[in-house]
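Let's take a walk through a protein model together, one feature at a time. Keep the 3D view open and find each residue as it comes up.

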Amino acid sequence: MMRLGLETAGALALLCALLGTQCADGFRKIRYSVPEELDKGSFVGNISKDLGLEPRQLAERGVRIVSRGRSQLFSLNPRSGSLVTAGRIDREELCAQSAPCLVSFNILVEDKLKIFEVEVAISDINDNAPSFPTEELEIKIGELTDPGTRFPLKTAFDPDVGTNSLQNYKLNPSDYFSLATDDAKYPELVLEQALDREKIAVHQLDLIASDGGDPVHSGKLCIKVIVLDANDNPPVFTKPEYHVSVLENVPVGTRLITVNATDPDEGFNAQVSYILDKMPGKIAQVFHLNSVTGDISILKSLDYEDAVFYEIKIEAQDGPGLFSRAKLLVKVLDVNDNAPEVSITSLTGSVPEEAPAGREIALISVHDRDSGQNGQVTVFVLGNLPFTLEKSIDQYYRLVTAKSLDREQVSQYNISLKATDQGNPPLSTETHITLHVSDINDNPPTFTHTSYSAYVPENNPRGASIFSVTAQDPDTDKNAQITYSLAEDTLQGVPLSSYISINSNTGVLYALCSFDYEQFRDLQLQVTASDSGNPPLSSNMTLSLFVLDQNDNMPEILYPALPIDGSTGVELAPRSADPGYLVTKVVAVDKDSGQNAWLSYRLLKASEPGLFSVGLHTGEVRTARALLDRDALKQSLVVAVQDHGQPPLSATVTLTIAVADSIPDVLGDLESIHTPANPKDSDLTLYLVVAVAVVSCIFLAFVIVLLALRLRRWHSSRLLQTSGNGLADIPASHFVGLDGVQAFLQTYSQEVSLTSGSRKSHLIFPQPNYADTLISQESCGKSEPLIIPQDLLETKEDPNLLEVSLFL
């Protein structure tokens, strides 16, 4: 883009406008130049500078573009003070092929009412390629056209101007054509050598028109030269002489042969017609020639005895009259033209399937009107059928069975008899006989399998169809009428007919009662299928009926056992327990099977959310975090046990967990939780504490006695060693050492189970080790393990008050 600027007096005119003085109009024209196809908003010229104004003064002084007629092509950018394009400018649309292309408009300075004329020159770019008015041009040239003949071609058009417009034409190389142009404007096709349509019928050429732009653009015109035919070739037969042999008994109208002549010309010049040449005698009455197709057929029956050989002359002629000749030689052959005749003298319509071999079916006779070799006839049964022909007197044959027949394999036979003479070629005749095989009851009903398995869901409705059995009997009529029945049997002392019935006609089994998977899971049935023959035949089949489990039993919680009096058991959780500490375990079972018995456990409700967790598959109740002092002593959990049936069934159990550091703390805390409503409740708690103290004292006394016995045995053994007597034969189990006591104390465990809201308490010592309070580990020497009878280690009080268990 470039600015051509103001004229010499433009600056003076602008100065006059700014000073408010009058100036001549001729000094106010501004010129710019811009190429076409610029984007919207492209810079054209600095109008504010050319007007001698600052960009901000354009809006202040009301500078705007005024034009008439044509749509606005340019606009002012008040921010930059420049003249820009208002849209895409197409030079060809504005000015066609005229050059130069100028666009004029006026700019008004509104505050001074001054008009400035602006002229913008639109320069051309090579944005258009030469194009032809059609994509394909068809030219027809006769094949006898003289070389050097010219044929005008379509011209191309390029809307660009100058070097960007059309400059030259080019033709792709060809042996038959060249290109001639008149000042590169009007192309002509020049024939270089004579055409031959039979050699090349169509010539494909490409005419390329190119402009002079950079880059060069071009357009293509496809030229299709069609060579018109001339009658320069006569018809030619495929053979100069044709030979054909024909039997004397061919029917009238039979096509003997088709003669063919071809003409390499086309159209009317290649239309070939056939003509029979003048022939003597009866030839024209015996043969016919189709003038269009060349088919030669018979008009009259041939007879070998009348004529053995025919010679026929044929002409082929094209449309304008060129022709050629050929010859046809016909040889007549003698044939055996009488076929044997077969007639059925006697026939039996049906044969029972148990009939023995040799059973007579039909009596037939054979005759041939020919004589000699052509009249000698042989007859046989077609196919691999159980029948044979036996020669009788003269030309009679008996058709008999070759073996016993089986109706279940083949119930009907279509017997084909073929009689053939010994002529050359031989003639034959076929006769068909239909034979039915009557049935006898020789097949029992059969099941597809000897045993079947059926499945029925439990809790099925009474009378529901549960299975269908089907037997097949290859016999027919009554011999194939099947009835079904169940064999008598019992299940758990009850007849099977009380559970299952069968439809004797259809073989459909029905349930007479609703099955319970938990009562029985399968039963065996024997189904009998009998036909109605005389005597009847039957077969058996074993049906195994399996009852499928349904989710009709909810989970049953085994532990903790649900209390009879409605109270909830209490489990102990030490306050010092780490996260994951096993508090207790919920154990449940489900009477169903499969996924109906797959149980999952979840914590349904908790007095302290997030303190305890329940194993999804194990039911183990564990601490989810460390117990804090602020956690309540009594924690209540509701655990739900759910199976995986559809729909799922569930059961819940409520657990009460007591949080404490030791047994006395448990008792004291529980006492504070369960404040007695009357003096009897406090007495009960007192009795419990006294009982625990008494048991602890008894246990300490027992340990002291064991230590005394150990010291006594040790002393005795030292005395024996001093006297020289060996103790090797004394069993080691007679000695009790401190290690045994310590092991015993380490296995001592306790568990507390308190019933909320009840005066009864159940105490079992959990797992703390009391050995350290009784005897120092350093003072215990190595000794043999201590063996204590179980009945000496258990002391039981009233179960409603206290239970202490010592575990070895």
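## Before we start

What you're looking at is a predicted model.

Side chains of opposite charge can pair when their charged atoms come close. How many salt bridges does the count come to? The count comes to 20 salt bridges.

Now look for Asp 124 and Arg 91, whose side chains meet in a salt bridge at 3.2 Å, N to O. Asp 124 belongs to the loop between β8 and β9 (136-142) and Arg 91 to helix α4 (residues 91-95), so here the tied parts are 33 residues apart in sequence. Both Asp 124 and Arg 91 are buried.

## Sequence neighbours and a network

A salt bridge also links Glu 408 with Arg 407, and their closest N and O atoms are 3.3 Å apart. Arg 407 is buried, since its relative accessible area is 11% and the cut-off for buried is under 20%.

Which residues are linked in a network of salt bridges? They are Arg 197, Glu 198, Asp 229 and Glu 266.

## An open sheet of strands

Next, find the sheet with 4 strands in the order β34-β43-β42-β37. The sheet is open, and its pairing is mixed. Which strands stand at the edges? They are β34 (451-457) and β37 (483-486), each with a single partner strand, so one side of each has no neighbour in the sheet. From one strand to the next, the twist averages 30 degrees.

Zoom in on β34 and strand β43 (residues 538-548): they run parallel and are joined by 7 bridges. Here Pro 457 stands opposite Leu 548 in β43.

## A hairpin

Strand β29 (residues 387-391) and strand β30 (residues 396-401) run antiparallel, with 5 bridges joining them. Look across from Lys 391 and you'll find Tyr 397 in β30. The hairpin of β29 and β30 has 4 residues between the strands, and in it Asp 394 takes a positive phi near 55 degrees.

## A buried threonine

Thr 420 is part of strand β31 (residues 412-421). Is Thr 420 buried or exposed? Thr 420 is buried, with a relative accessible area of 16%. Leaving aside neighbours within four places in sequence, the residues in contact with Thr 420 include Pro 340, Gln 376, Phe 380 and Leu 427.

Two peptide links deserve a look. Asn 534 and Pro 535 are joined by a cis peptide bond, with omega about 0 degrees, and Pro 535 is in the loop between β42 (522-530) and β43. A cis peptide bond also joins Gln 646 and Pro 647, again with omega about 0 degrees; Pro 647 is in the loop between β51 (634-643) and β52 (650-660).

Then there's phi. Glu 37 isn't a glycine, yet its phi is positive, near 65 degrees. You'll find Glu 37 in the loop between β2 (29-35) and β3 (43-45), where Glu 37 is partly exposed at 25% relative accessible area. Leu 113 isn't a glycine either, and has a positive phi of about 55 degrees. Leu 113 is in the loop between β7 and β8 and is exposed, at 67% relative accessibility.

## A nonpolar patch

Leu 686, Tyr 687, Val 690, Val 694 and Ile 698 make a nonpolar patch of about 480 Å². One of these residues, Leu 686, is in helix α7 (residues 679-722). Leu 686 is partly exposed, with 49% relative accessible area.

How values were computed. Residues are numbered from 1 along each chain as its sequence is written. This is a predicted model: local features need pLDDT of at least 70, side-chain atom pairs count only at pLDDT 80 or more; totals for chains, interfaces and linings use all residues. Side-chain values use heavy atoms; hydrogens and water are left out. Patches are made of residues with over 30% relative accessible area and no salt bridge: like charges are joined within 9 Å, nonpolar side chains (Val, Leu, Ile, Met, Phe, Trp, Tyr) within 5 Å. Accessible areas come from the Shrake-Rupley method with a 1.4 Å probe; for residues, only the protein chains shown count as cover. A salt bridge is a side-chain nitrogen of Lys or Arg within 4 Å of a carboxyl oxygen of Asp or Glu. Helices (H or I, at least four residues) and strands (E, at least two) are DSSP runs, numbered from the N terminus. Buried means under 20% relative accessible area, exposed over 50%, partly exposed in between (1.4 Å probe, protein chains only). Two strands pair if DSSP finds at least two bridges between them. Axes are lines fitted to C-alpha atoms, for helices over the stretch in contact, and angles run from 0 to 180 degrees between N-to-C directions. Contact means heavy atoms within 4.5 Å.
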